[in-house]
Amino acid sequence: MTLLDVEAIDGYYGESHIIQDLSLSVDDGEITALLGRNGAGKTSTLRCISGATPPDVRSGRIRFDGVDITDEPPEDIAVRGISLVPEERRVFSDLTVAENLHLADTVRNKANTLGRDLDFRDDGMSTSDIYEYFPRLDERRTQKAGTLSGGEQQMLAIARALHQSTDLLMLDEPYEGLAPQIIEAVENAIRRISEAGTTILLVEQNAVAAMKIADRCYVLDRGQVVFEGPAEELQADQETRDKYLGV
Amino acid sequence: MTVLADILTILLNGLQQGAIYVLLAVGLSIILGTLKFVNFAHGALYLIGAYLGLFITGQVPLSNGQLADWGIEAYGIGLGFTAALVLVPIIVFIIGILMERFVARSFYDRPDTDQILVTFGLAVIVQELLRALLGGSSQPFPQPGWASGPISLPIIGNFPRWRLGVIAITAVLVIGVYALVEYTDFGLIVQAGTLDEEMVRLLGIRLSRPYLVVFGIGAALAGVAGVVGGPLANVNPNIGTEQLVPAFLTVVIGGVGKIEGAVVAGLMLGTLQVALIQTGYAAWSQVGIYALAAVILLVRPQGLLGSEVDVA
């Protein structure tokens, strides 16, 4: 079943046409990877889906679970169950680990006072489950997020996203700047999250690492889809890999 | 008078002078830090607070201005000072909320220069409207009965009771705002919004309501500053603009968005100013606070307690 359906979107940064007639779909329960060189439009695509601006989506439709979310603001899209682990993690550096996680609770607690009818498909992973999943974060609950190592910050960003109501987890370059053994730990975390039933859309420059865990791959070049298919097909397609991924 | 008594008197007066700066700067700083909005109308909120305080407290005779020309001889409802102290922050909170919704909000995404122009224009309108209606002459603001006259303190001797009142009221309010920001979910959202607004929204948190409240609280603090500061000097239409510059200085010295920073910086400026005046260098007091500001900002461009990310 299709969970996310992006249909022929065009995205602009000011006048520059950064996403061109891009379509992709993400199936429920799968890991879908969005690959391509730096500047191919991967991060911009995730921003379009999450409702962050810029880029402005000027044409095309984005549907999530059958609902058109193209023109919704990011806070409403997040509540629908799409969470983003952005590039460079963007944890709140002056807040503690526990406070970073607690922010997601404020949405649930304040649902009424914010004047919104919130109808979560699920409640997100509980705090105790998160600390069980990521014991390092448990040890560092009262530490400021800015003092964590790169790998720990990545774990916190993923944990924060899982603590939201998450049906679709979007990860933007989760391996960036991490040492090889930390990459393995993050990879394992992503596998476990996927096995627990969360759908994942993964953006990665490290194509070899991404193909290892993805079910389906899209390759982008200059804002357009140039390949789509199962990960094994891309593994075998040396021409596409040479031309667009350099691996 | 001993030297010790002199020093303590300067410190206490400095604390009182600084308290007014702190009240103004805390609101200005959280608005600037959280909403990234440069509010040059913050002094006008102080001015409104002072005039509203006068209006609620007593009966003020009118000698010139448009209202006098229309034959109105006095204004005021005479409910007393305590009523003013309670009502003014509520009314100015509402004014702040209206200002956010109808003026500030549409300027959040526009350059600082646009924000400065529109808020400065608003400040001038408020100031000149008051001058046109009520006349430009200075009005004495009576001290509250329960806090007038001197109090006898050890070592120092007699000290104006109201000045201690100003320090106490400021301390209570600033601690209250600090607790709100540090220990509540509302405060957590505001702090996170100050650090990375887009990320907060991506977590599903709607920021328009918290921003409205932040603006209202900042405005209410400026209104209170007008009421407690009023009895320390006369009230006239220029006092808002006069307070705006030291308030901004306090914000940048303390570090944008930092309540503790505004407190430390406000008390430093107040004490320095009072020290120069009471030691016979009154003419140098303005030079002194700007020189202090320049030295601090040369050494720490982000302000005393500001984090480096805030500079960008």
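Trainee: Which residue takes a positive phi of about 105° just after H10(B)?

Mentor: That residue is B:Gly255, which follows directly on helix H10 of chain B. Before we go on, remember that this is a predicted model, where local features need pLDDT of at least 70, side-chain atom pairs count only at pLDDT 80 or more, and totals for chains, interfaces and linings use all residues. Residues are numbered from 1 along each chain as its sequence is written, while chains are lettered from A and ligands numbered from 1 in the order in which they are written.

Now back to your helix. H10(B) covers residues 239-254; helices (H or I, at least four residues) and strands (E, at least two) are DSSP runs, numbered from the N terminus.

The contact (C-beta atoms, placed from the backbone, within 7 Å) takes 17 residues from chain B and 22 residues from chain A. On the chain B side, helix H7 (185-195) and helix H8 (197-202) each supply at least two residues, and H7(B) gives the most, with six.

Over in chain A, four strands form an open antiparallel sheet in the order E2-E1-E4-E5, where a pair needs at least two DSSP bridges. Strands E2 (16-27) and E5 (67-68) of chain A stand at the edges with a single partner strand each, so one side of each has no neighbour in the sheet. Strand E1 (residues 2-13) of chain A is joined to E2(A) by eight bridges. Along this pairing, A:Asp5 stands opposite A:Ser25, and A:Tyr13 stands opposite A:Ser16. The hairpin of E1(A) and E2(A) has two residues between the strands, and there A:Gly14 takes a positive phi near 60°. E1(A) also pairs with strand E4 (residues 56-64) of chain A, in the antiparallel sense, over seven bridges. In that pairing, A:Ser59 of E4(A) is the bridge partner of A:Asp10.

Conventions. Contact = placed C-beta atoms within 7 Å. Expected span 1.5 Å × (residues − 1).
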